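This report describes the ligand surroundings and the metal site of one protein model. Please consult the sequence and structure shown below.

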Amino acid sequence: MGGDFYQKKSPDPATDPYLIHYNPSANQLIGLDITPEAMPEFTNIFSGNQALPDSSPLAMAYSGHQFGVYNPRLGDGRGLLISEANVPDGSTWDIYLKGCGPTRFARGFDGRATLRSSIREYLAGEAMHALGIPSTRALGLIGIRDLIFRERPELAAVLVRLSDSHIRFGSFEYFHYSNKSEKIPKLIDHAIHRHFPHIANSNDKYRLFFREIIKNTAVLIAHWQTVGFVHGVMNTDNMLITGATFDYGPFGFLDRFNPGFTANSSDSHGRYSWGKQPEIGHWNLGKLGETLVTVCDSSALEEELSNYQPIYNQTFKALMGKKLGLILLDEEFSTLVGRLFHILSKNPADFTNFFRGLSNFPRGSWENLYDYFPDQKVLDDWLSLYRKLIDREEQDDDQRASEMNRANPKFILRSHLLEHAISKALKESDYTEIDRLFAFAQSPFDELPKCLVGENLDSQFYYADTPQNLIESRLSCSA
Ligand code: AMP
Ligand code: MG
């Protein structure tokens with residue numbers, strides 16, 4: 001792409017790196033030959049202390065809209081793309097180090113990442129992936145002994161991120177707003193070649209390119225909504241054209257059904273709250289569309305963008321159908337969903353555990369759902385409508401229940417569980433809770449992860465509703 005687009009730079013050396021976690025499932029994506037004996041070398045290479053053979057690391061330039069305001073100076077301030085892994089199945093994965101020293105885009109920041117935020121990103125990628133939601137993954141988490149300062153001194157880490165892409169909406173904005181629009185077709189061609197080869201020979205490839213990104217984004221956000229995921233920082237530089245969840249910061253999951261919830265304590269207006277995410281997806285795509293006007297007619301771009309909402313609605317509805325175990329997604333179904341969200345918004349129900357418990361209705365033991373409804377009649381009224389729609393279909397109750405249990409997770413990565421694991425890691429250098437959350441995150445639909453069966457552990461701690469005093473906790477961007 002040329003020097004306008006990146007800075008070539010090696011990772012900075014790290015002090016006494018130590019491996020905290022290695023992710024064999026993520027390695028299956030790229031198939032590196034990593035034996036236990038190779039772990040010291042793995043740690044050295046991916047902390048930045050030893051060059052990866054044949055690698056030419058680079059920091060990418062990008063800009064973006066942050067909280068609705070354009071920021072021309074972003075870019076990889078603390079991360080480097082160190083390699084692209086071409087896998088036999090034809091896919092390509094970027095290997096990226098996050099927290100490996102400042103680049104020319106660092107704007108005076110230290111180029112490092114806190115251990116705390118790296119643990120969150122490490123586990124989040126695995127949790128989202130196992131929920132069936134496109135996401136970056138992480139190959140490893142490496143602690144380093146360089147002390148860094150945020151609100152206080154903090155331990156640092158390097159995260160080895162795998163992503164199908166690092167092309168952000170902000171990559172296009174960077175060229176568009178710095179009067180380098182002539183670079184945009186080149187970037188699109190590169191992106192098409194890598195991500196959307198089926199449109200490469202079309203006369204309308206720029207329009208189709210936008211169409212693909214719109215579809216990916218709408219589908220991604222519909223997934224987020226149905227598991228109650230709140231990204232927290234949906235700036236255009238954190239949106240990938242492939243529609244994978246990207247750049248985990250102050251993210252969270254709904255505790256109760258509160259559409260206004262945002263996990264980001266800096267987001268005082270709730271711009272990135274759960275309920276706003278679909279609209280923000282549209283807004284961000286609009287900003288991307290503006291950068292494509294030199295290659296595509298603006299009315300065509302607008303026409304494409306008008307398909308966002310229908311794609312989102314359709315995907316959301318299909319996913320809600322799976323959550324409720326219903327096949328017929330007609331008007332009555334939409335009424336059922338609307339009424340459900342209404343009663344959930346008025347009652348203190350745990351979003352995740354309510355849906356998980358619902359799979360036992362009507363034949364199992366579902367009565368503990370009443371605990372969420374001070375006025376039982378409210379639940380009864382909704383359940384009688386639900387029952388009516390269940391009875392319209394000829395599904396077997398047991399089969400519906402087992403399918404619902406594959407659509408409604410028993411485990412989600414609640415912030416207080418992460419906090420617990422982080423606190424053990426930071427205060428006691430005890431990483432066993434990270435191991436455990438990793439196991440839960442990888443098997444969110446199981447009654448208990450297979451690898452934990454027989455372990456002496458209080459599984460309710462991981463599955464229970466968020467304790468009252470920790471509900472809707474929020475984090476700052478730097479945490
Ligand atoms: P993020 O919040 O991780 O999406 O980062 C937003 C922007 O700030 C990106 O350009 C990052 O590269 C940059 N950035 C965040 N933290 C640091 C840091 N500690 N050192 C250098 N750049 C950073
Ligand atoms: Mg970012």
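This is a predicted model: local features need pLDDT of at least 70, side-chain atom pairs count only at pLDDT 80 or more; totals for chains, interfaces and linings use all residues.

Taken alone, ligand 1 exposes 480 Å², of which the protein buries 83% (Shrake-Rupley method, 1.4 Å probe).

The side chain of Arg 107 places an N or O atom 2.7 Å from an oxygen atom of ligand 1. A polar backbone atom of Gly 111 lies 2.7 Å from a nitrogen atom of ligand 1.

## Shell around ligand 1

Ligand 1 is surrounded by 15 residues, each with a heavy atom within 4 Å of it. The closest are Gly 75, Gly 77, Arg 107, Asp 110 and Gly 111. The shell divides into 7 charged, 4 polar and 4 nonpolar residues; Asp, Glu, Lys and Arg count as charged, and Gly is among the polar ones.

## Magnesium site

The magnesium ion (ligand 2) has Asn 238 (OD1) and Asp 247 (OD) as its protein donors, 1.9 to 2.1 Å away. Donors are N, O and S atoms within 2.8 Å of the metal (3.2 Å for Na, K and Ca), and sites may look incomplete because water is not among the atoms.

Asn 238 is buried at 9% relative accessibility, and Asp 247 is buried at 15% (buried means under 20% relative accessible area, with a 1.4 Å probe and protein chains only).

## Basis of the values

Residues are numbered from 1 along each chain as its sequence is written, while chains are lettered from A and ligands numbered from 1 in written order. Local features need pLDDT of at least 70, side-chain atom pairs count only at pLDDT 80 or more, and totals for chains, interfaces and linings use all residues; side-chain values use heavy atoms, without hydrogens and water.

Definitions and conventions
Buried means under 20% relative accessible area, exposed over 50%, partly exposed in between (1.4 Å probe, protein chains only). A polar contact is a pair of N or O atoms within 3.5 Å; within protein, one must be able to donate a hydrogen and the other to accept it, and residues adjacent in sequence count only if both atoms are side-chain atoms.
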